[in-house]
Amino acid sequence: MAIFLNDTEKDILGREIGKQDSLISIFYAALQKRVNRRVAWGNLLGPDATTIWWHSAAEYLSDAAMCYAINSSPELADWLHAITLDIVRKPAYEWIGPPFRDHLEPLTGHLETAHICWGISAVYDLAKNVFSEIEQTEIRDALREKGIGLCRQWIETNNHLANWRSIMVSGALVSAVVLEDEKTVAALLPELKLCHNAMQDDGSYGESLQYGNYLLLALSFAKEAVFRKYPSIAQDVLPSFDSSAAWFVTSMFYTKPLTGWGDEPRARAANFNDSAATFRPSGDLLLHMAVRGHSESAKGLSKWLFEKYYTIVPEQGPHDLATLGMRNDWGFLTLPLLTYPSKTISPEEADLPLTTNFSNGSAFIRDAWHGKTIIATNGGSEPLNGLGHLHGDLNSFILVHNNERLLADPGHSCYRNLIHGLESSSQTHNTCTFLIEKESLGLQEDLAKATLLEQKSVFPRRIIVNGKGGEKIERGDKRLICEKNDVISVIGSEVGKAYGQPIQEFSRFWILAGSNVLFVIDSITAGYPVNTVWNWVVNNRDGKAIWHKENNCLTVQKNNAGIKLFHGGNGSFSFPVYGFLHDAYHPEPNQLGEGRSGDGYVFRFTEKEKSASRTVVHAIALDEPDLLINWNLEVNRNNYTLKSDTKSWTLKINDDDSFSLISGHGRTWNLKRNEEKYGLERID
């Protein structure tokens, strides 16, 4: 009996396949369609392939193996036989990965090694009878020596805790389970437990949303293998992924078509650090969470995510980087996991908060689930269990209105692009940078060529000590507040240490009033006077952003949404620098998902004079484009009133460093400091 498809699952699939309205039937047809297309190629990669074979092997082989196990065919058997043995017979040098990986002696595995392990293990488990006994011995030897051996070499020679370790442990463990190598399984189970400690206690992850998914997807492969083969020890293998369900749900924005990707709706999410704007959690991971979880709420949320982001587009591609966790899709475990009954629970039914924060530093404000406005911020993390792939994006934020990302995060693309360092820097995010030296620049010169002070985004890894995660890593940020009171929500974080001297404090508060008014308040102090630069990254990925500047106000219209951003400081406005916005990661350059110059408009307000201390307000009105003309800002000393013909909100900066927010009807909320934290209260 196969590990990844037991007899009960196969019987249920057989009964459901062919039923017109069956979800299983729909996904089986989609699996069959994409596998048959690959079989018609005759090779692992087709004529239009954009990847190298290492990065598609796991999903293509496992898909074909599952399809064969459900309903075999001679053509599919021949393809599996030829492709699998071709990879199995490659030397260990090839199993390490592409040329940009380290190939020095002693040979050490890399991510690609683990991916090969997943793919070959799935074939050996689900389609073993395709091979002769001699060929089966070849496969076992390759998995043992070139798969498990190389993965364990990496595990033994590296001592940091992050997503890489989870992928390597999973590759080795899945292979060991399939080979029934119980000695290796026993040796790797403690490593599997340790890998989960890279996640934060609340289910978030310090690297990014994207890499949290990749880590958990790898662990789900390993946990499924152990659960299915050795159910008596499965419950002790790894904690459930329940706590990550709320993080995934909260991080999602909306679905709609994306320029260059076709007419199907595609997910958008909070892509801080190295993460994709088109992120959706992997389908196999979501169903694993829905079936194997312990909390009914988390299980239901996971199934809700699967239904929302997969059932409406079962054939949506591309699928060539799905297992790499970067262009996420559903895979070979989806069909067997769909045979288990699971209940869908929406965010409203689970009573998830509209205003909330996570220990990795991400925080969110919504006016309502499925409402008009979302603010996603980064900054205010607790010590991190695992980190890497960071950007200088603390106190940056993403602003969504009417299903449009108006202020956006640049995201990331190919790591070997020269621009990756720039798109990771603070100046290309919605946060502040500082001019330490400013020479006399020509008219065509960019201020970025001057000496800019930006955030540190490269940190040492968290080291494993005596088999446990060692000291956690701090980025230099802290949470000040995350609260909601009636129609007012506030997030605040302080990130001065992320810059180093001379910056002593950079506290930023986001105050959303209703659905249409956002105040961004910055309190910045430095050891000596500097010029602050406010960076605003406008999303022009579809080429439809229209902007206009008048006095201290920047107006942006994009499809059915727009903003009027009023600068409350003494900064001078610069016409946009043409930035990049990326949709998704690809390991090769110039591929679908990589942005182009002008996809992002980077607007800047730069202080005219140096200062050691300032508090500056930006007032932002959000509305439909035709209604933006109604919004104006009135400033009277420390009172900032943003109003239209129907709404009015006043922000007052008080002498004691507190803030007051007053509605047009006279309702008042105070935001007061209590030692290092702030509190929000309504006073009438």
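Biologist: Which residues does Lys 90 touch, leaving out those up to four places away in sequence?

Modeller: In this predicted model, Lys 90 touches Trp 53, Trp 95 and Lys 146. Lys 90 sits in the loop between helix 4 (74–88) and helix 5 (92–95).

Biologist: Is Lys 90 buried or exposed?

Modeller: Buried. The relative accessible area of Lys 90 is 19%. The cut-off for buried is under 20%, so Lys 90 falls on the buried side.

Biologist: Why is Asp 329 called buried?

Modeller: Its relative accessibility is 3%. That is under 20%, so Asp 329 counts as buried. The residue lies in the loop between helix 14 (296–311) and helix 15 (334–338). Its contacts beyond four places in sequence include Arg 34, Arg 280 and Tyr 310.

Biologist: What makes the pairing of Asp 329 with His 319 a polar contact?

Modeller: The two side chains come to 3.0 Å. A polar contact needs a pair of N or O atoms within 3.5 Å, one able to donate a hydrogen and the other to accept it. The pair qualifies as a polar contact.

Biologist: Why is Ser 295 called partly exposed?

Modeller: Its relative accessible area is 27%. Buried is under 20% and exposed is over 50%, so Ser 295 falls in between. Ser 295 is in the loop between helix 13 (283–292) and helix 14. Its C-alpha is 9.6 Å from that of Phe 241, 54 residues apart in sequence.

Biologist: And what makes Asp 351 exposed?

Modeller: Asp 351 has 64% relative accessibility. The cut-off is over 50%, so the residue counts as exposed. Asp 351 is found in the loop between helix 15 and strand 3 (355–357).

Biologist: Which peptide bonds are cis, with omega about -10 degrees or about 10 degrees?

Modeller: A cis bond joins Glu 105 and Pro 106, with omega about -10 degrees. Another joins Gln 501 and Pro 502, with omega about 10 degrees. Most peptide bonds are trans. Pro 106 is in the loop between helix 5 and helix 6 (111–126). Pro 502 is in the loop between strand 13 (488–494) and strand 14 (503–513).

Biologist: How do you know that Asn 6 caps helix 1 (residues 7–16)?

Modeller: A side-chain oxygen of Asn 6 lies 3.1 Å from the backbone nitrogen of Thr 8. The polar-contact limit is 3.5 Å. Asn 6 therefore caps the N-terminal end of helix 1. Just after helix 1, Gly 18 takes a positive phi of about 105 degrees.

Biologist: How many helices and strands are in the chain?

Modeller: There are 16 helices and 27 strands.

Biologist: Why call the chain as compact as a globular protein of its length?

Modeller: Its radius of gyration is 26 Å. The globule rule gives 26 Å for 684 residues, so the chain is as compact as a globular protein of that length. Of those residues, 63% count as buried.

How values were computed. Residues numbered from 1 in each chain as written. Predicted model: local features only at pLDDT ≥ 70, side-chain atom pairs only at ≥ 80, totals over all residues. Heavy atoms only, no water. Helix = DSSP H or I, 4+ residues; strand = E, 2+ residues; numbered from the N terminus. Rg over C-alpha atoms; globule rule 2.2 N^0.38 Å. Buried < 20%, exposed > 50% of the residue type's maximum accessible area, 1.4 Å probe, protein only. Contact = heavy atoms within 4.5 Å.
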